[in-house]
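Open the model in your viewer and keep the sequence panel beside it. The stops below say what to select next and what is there.

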Amino acid sequence: KVLVIGACGQIGTELTMRLREIYGGEQVVASDIREGNEELMSSGPFETLDAMNKSQIEDICLHYEINEVYLMAAMLSATGEKFPKKAWSLNMDSLMHVLDIAKEGKVDKVFWPSSIAVFGPTTPRENTGQHTVMEPTTVYGISKQTGERWCEYYSNKYGVDVRSIRYPGLISWKTLPGGGTTDYAVDIFHKAVAEGSYDCFLKEDTALPMMYMEDAVRATIEIMRAPLKEIKERSSYNLSGMSFTPAAIAEEIKKHIPEFTIEYNPDFRQEIADSWPSSIDDSAAREDWNWKHEYDLDNMVTEMLSHLK
Ligand code: VAH
């Protein structure tokens, strides 16, 4: 059976629904600090869970005979800068609890999300490689970089089967993002449809690595289903679908909504975005476990607007 911790978050919600389609609703236990949407709550078991409480996680794993855990709970980059200590505790304590539960043999396999936020202003920004300089300047990025080190340590030292992906910014129509810097790329669609205009909190030429949620959920399940021998990176895999600027996505939206207008008023999130790569080299994932993305800017915009208009 599968346990998703943070099942009501931006990724967790869609990941849980896809896992339930694959394995059956009863086989996938959703858990979060608060309840989720109607579709999630009515399609399989739900447990209220504080991801920082190890005994609560253990009880759920034993009660439901869980063998795979997807730990999707975290505080993201922008919110993390407002509550640094809380972000560190939530992001790190939850990971250490799940790694220890796996080390103690109570679950067989763990998925843990990392992020392009592990890279910092000294990282080469174009086509950023799998192994490169990493000096993250956000608490969120520090927690993800440290978490990757722990995943590799538990894998090499204790044989824990933990797998990880460095997600780029993720775009979905089903779920709203939760306090990230790349959230503009989701907000822009909702505002374009609702108001015909968007006040963007990043500068127009801020290129960031992005991915459509369909691709991200499929990548998550594919890396977990790949034979262990194919998983050579025991810290986390670079992953990317596309890279675009606010100006580029605005132009693409105008093809569908000609009267759409955008203005740019950068806020504190501009500094975070400027510390991240503008594009990612994910050739390791493509070589090791046959990753390939399916959504580019044009078909992603078409798909998003088809669901939101
Ligand atoms: C954030 N959406 O903005 C997340 C993600 C790469 C960005 O980590 O913090």
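Which residue's side chain does a polar contact of 3.4 Å join to that of Trp173? Select Trp173 and Tyr212: the polar contact joins the side chains of these two residues. A polar contact here is a pair of N or O atoms within 3.5 Å; within protein, one must be able to donate a hydrogen and the other to accept it, and residues adjacent in sequence count only if both atoms are side-chain atoms.

Before moving on, note that this is a predicted model, in which local features need pLDDT of at least 70, side-chain atom pairs count only at pLDDT 80 or more, and totals for chains, interfaces and linings use all residues. Residues are numbered from 1 along each chain as its sequence is written, and side-chain values use heavy atoms, with hydrogens and water left out.

**Around Trp173**

Stay on Trp173, in the loop between β7 (169-171) and α7 (184-195). Helices (H or I, at least four residues) and strands (E, at least two) are DSSP runs, numbered from the N terminus. Trp173 counts as partly exposed because its relative accessibility is 27%; buried means under 20% relative accessible area, exposed over 50%, and partly exposed in between (1.4 Å probe, protein chains only). Leaving aside neighbours within four places in sequence, show the residues in contact with Trp173: His190, Tyr212, Met304, His307 and Leu308. Contact means heavy atoms within 4.5 Å.

**The ligand**

Now select the ligand and the residues around it, among them Leu76, Ser77, Ser115, Tyr140, Thr181, Thr182 and Trp276. A residue belongs to this set if one of its heavy atoms lies within 4 Å of the molecule. A polar side-chain atom of Tyr140 is 2.9 Å from an oxygen atom of the ligand. Thr181 places a polar backbone atom 2.6 Å from a ligand oxygen atom, and Thr182 has a polar side-chain atom 3.0 Å from a ligand nitrogen atom. On its own the ligand has 270 Å² of accessible area, and the protein covers 95% of that; such areas come from the Shrake-Rupley method with a 1.4 Å probe, and for residues only the protein chains shown count as cover.

**Two buried loop residues**

Go to Ser235, in the loop between α8 (213-225) and β10 (237-238). Ser235 counts as buried because its relative accessible area is 4%. Its contacts, not counting residues up to four places away in sequence, include Glu148, Cys151 and Arg166.

Next take Thr245, between β11 (242-244) and α9 (246-254). At 19% relative accessibility, Thr245 is also buried. Tyr184, Glu204, Asp205, Thr206 and Ala207 are in contact with Thr245, leaving aside neighbours within four places in sequence.

**Helix α1**

Select residues 10-23, which form helix α1. Ten of the 14 residues of α1 are buried, including Ile11, Leu15, Met17 and Leu19. Just after α1, Gly24 takes a positive phi of about 100 degrees.

Most residues other than glycine have a negative phi. Glu65, not a glycine, has a positive phi of about 55 degrees. Glu65 sits in the loop between α3 (54-64) and β4 (68-71) and is exposed, with a relative accessible area of 64%. Finish at Asn127, where phi is near 50 degrees. Asn127 is in the loop between β5 (109-115) and α6 (139-158) and counts as partly exposed at 49% relative accessibility.

Definitions and conventions: The expected span of a helix is 1.5 Å times one less than its number of residues.
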